[in-house]
Amino acid sequence: MEIRQLRYFVGVVEAGSFTRASAQLNVAQSALSLHVRQLEESFGTRLLVRDRTGVSVTDSGAKLLEHARTILREIQLTKAELTNTVSSPSGEVTLGIPSGAARVLSGELLAAARSELPGVALKMVEGMTGPLEEWMSAGRFSLAVLYRTAESTGQMTVLAREEFCLVVPPELPPFDDSIRLADLHAFPLAVPMRNNNVRRSVADAVAQHGCKLDVRFEVDSLSTIINMVTEGRAYSILTPSAIQKEALQGLARTVRIVDPVITRSVVLAANPKDERSLAVAAVRKLIPKVVKNLIESGKWPATLPLES
C-alpha cells in the first residue's frame, strides 16, 4: 500500500466518480482505476462499487476511507511541522462562519490573511449556525466562528458580544429607539429555524420571562429573512451586524430590545485535530485582532469581551 494510492482512493470517493476525480487530481482515469484495484487486491476485498451515477463505498471501503483521511491528515501536519516556521506559516485553513458575522468579518479577515499570512490558504465556508455546528462537530473545519449565550462559552475564545434588536420594515410608522421584550408579540416575525443558535437564544429569553412571539415564517436563510423585512412582509429579530448594510441604506430599521436586553457571545472554536498546525495557530491569533479592529472602528456594532 502506498500513500499515493490512499490519496487517489480518497479523491475518487470525495469526487463521487473516477471521471471527476481524474480532472480534480490531474491523473489519468485509467491510472486511478489501477491504483484502486491494487488496493482492493492488497486488502483482499472490494472497496468501491461503480454505478450509473458514479461510485459508492462498500463497508470495507468506508472503514478504509476513515483511516485514510486520518493518515493523510497526519502526513500533512508532519510536513507542515518540518517545513513551516512560526514567522512564515503555510498550509490550508478551513473556517466556518455564520452568515451574520460573515457580513462584517469576511472581507476584512481575508484581506488581513492575504497581507499578514501570505503562505496560508484560508478557505471560508459561510452558512446558518445549525449546519455550521454540525459540520464543526464532524471535524470539517479547522476553525469556526460560532454563537453562544454568555454563560456557555466554555474554553472557546470570546471574540465579541452582541445585542439582539427588532428589525423593522422601512415604510412603517416611527418607532422609539427601544422596545420591551414583552411587546414583541405584536409583530409577525420571520426568524431562523429552531435548530439555529440565534433562534434558541431568543426563544430561551422569551420563555424565561413568560412572553410570546408571533412567528409566521421559519427560514434557514439570512438573505431571505432580510429581503422579507425590506419588502415589508415581516419583522425579524437579529443582531445589528446582520442588518447593518440595509440599515445604513435606509432599507430597514433596528430597534433595541430591552427589559431584558438579549445578548449573545461570538466565539472562536478550534478543531483539536489541528492544534499542531502552525497555519491554524496563526489564523486563530489573527481573527481576534481583526474583530477588535472592526469593533473599535465602529464597523462592527458589538462590544469586546471584558477580558480584552
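Mentor: We begin with pairing: two strands pair if DSSP finds at least two bridges between them. Keep in mind that this is a predicted model. With that rule, four strands make up an open sheet of mixed pairing, in the order E8-E12-E7-E11.

Trainee: Which strands are the edge strands of this sheet?

Mentor: They are strand E8 (178-180) and strand E11 (236-238), and each of them pairs on one side only. On average, neighbouring strands here are turned by 40° against each other, direction ignored.

Trainee: How many bridges join strand E7 to strand E12, and in which sense do the two run?

Mentor: Strands of a sheet pair through backbone hydrogen bonds, either parallel or antiparallel. Strand E7 (residues 165-168) and strand E12 (residues 253-258) run antiparallel and are joined by four bridges. In this pairing, cysteine 165 stands opposite arginine 256 in E12.

Trainee: What lies across E7 and E11?

Mentor: Helix H8 (residues 222-230) does, and it runs at about 130° to E11.

Trainee: What is the strand order in the open sheet of five strands?

Mentor: The order is E4-E3-E5-E13-E6, and the pairing is mixed. Strand E4 (120-127) and strand E6 (157-163) each have a single partner strand, so they stand at the edges and one side of each has no neighbour in the sheet. From one strand to the next, the twist averages 20°.

Trainee: How do E3 and E4 run, parallel or antiparallel?

Mentor: E3 and E4 run parallel, with eight bridges between them. Valine 93 stands opposite leucine 122 in E4.

Trainee: Which strands does helix H6 touch?

Mentor: Helix H6 (residues 129-137) packs on the sheet and touches E3, E4, strand E5 (143-148) and strand E13 (263-270). The direction of H6 makes about 130° with that of E5. Another helix, H10 (residues 278-296), lies across E3, E4, E5, E6 and E13 and runs at about 30° to E6.

Trainee: How many residues are in the hairpin that joins E1 to E2?

Mentor: The hairpin joins these strands through two residues. Strand E1 (residues 48-51) and strand E2 (residues 54-57) pair in the antiparallel sense over four bridges. Leucine 48 stands opposite valine 57 in E2.

Trainee: Now for single residues. Is serine 33 buried or exposed?

Mentor: Buried means under 20% relative accessible area. Serine 33 has 15% relative accessibility, so it counts as buried. This residue is found in helix H3 (residues 29-43). Leaving aside neighbours within four places in sequence, serine 33 is in contact with Phe18 and Arg50.

Trainee: Last, the pockets. What volume does the largest pocket have?

Mentor: Rolling a probe the size of a water molecule over the atoms shows where empty space is left. The largest pocket has a volume of about 1,400 Å³. Its lining counts 36 residues, and those nearest the centre are Glu14, Arg69, Arg73, Gln76 and Glu92.

Trainee: Which element gives the most to the lining of the largest pocket?

Mentor: H4 does, with 13 residues. Helix H1 (3-15), helix H2 (18-25), helix H4 (59-83) and strand E3 (91-98) each supply at least two residues of this lining.

Trainee: How many residues of each class does the lining have?

Mentor: The lining of the largest pocket has 13 nonpolar, twelve polar and eleven charged residues.

Notes. Residues numbered from 1 in each chain as written. Predicted model: local features only at pLDDT ≥ 70, side-chain atom pairs only at ≥ 80, totals over all residues. Heavy atoms only, no water. 1 Å grid on protein atoms, 1.4 Å probe; cavity = no way out; pocket = protein on both sides within 12 Å on 5 of 7 lines; lining within 4 Å. Points joined across faces, edges and corners; volume = space filled by probe spheres on them. Nonpolar A, V, L, I, M, F, W, Y, C, P; charged D, E, K, R; others polar. Axes fitted to C-alpha atoms, helices over the stretch in contact; angles between N-to-C directions. Contact = heavy atoms within 4.5 Å. Buried < 20%, exposed > 50% of the residue type's maximum accessible area, 1.4 Å probe, protein only.
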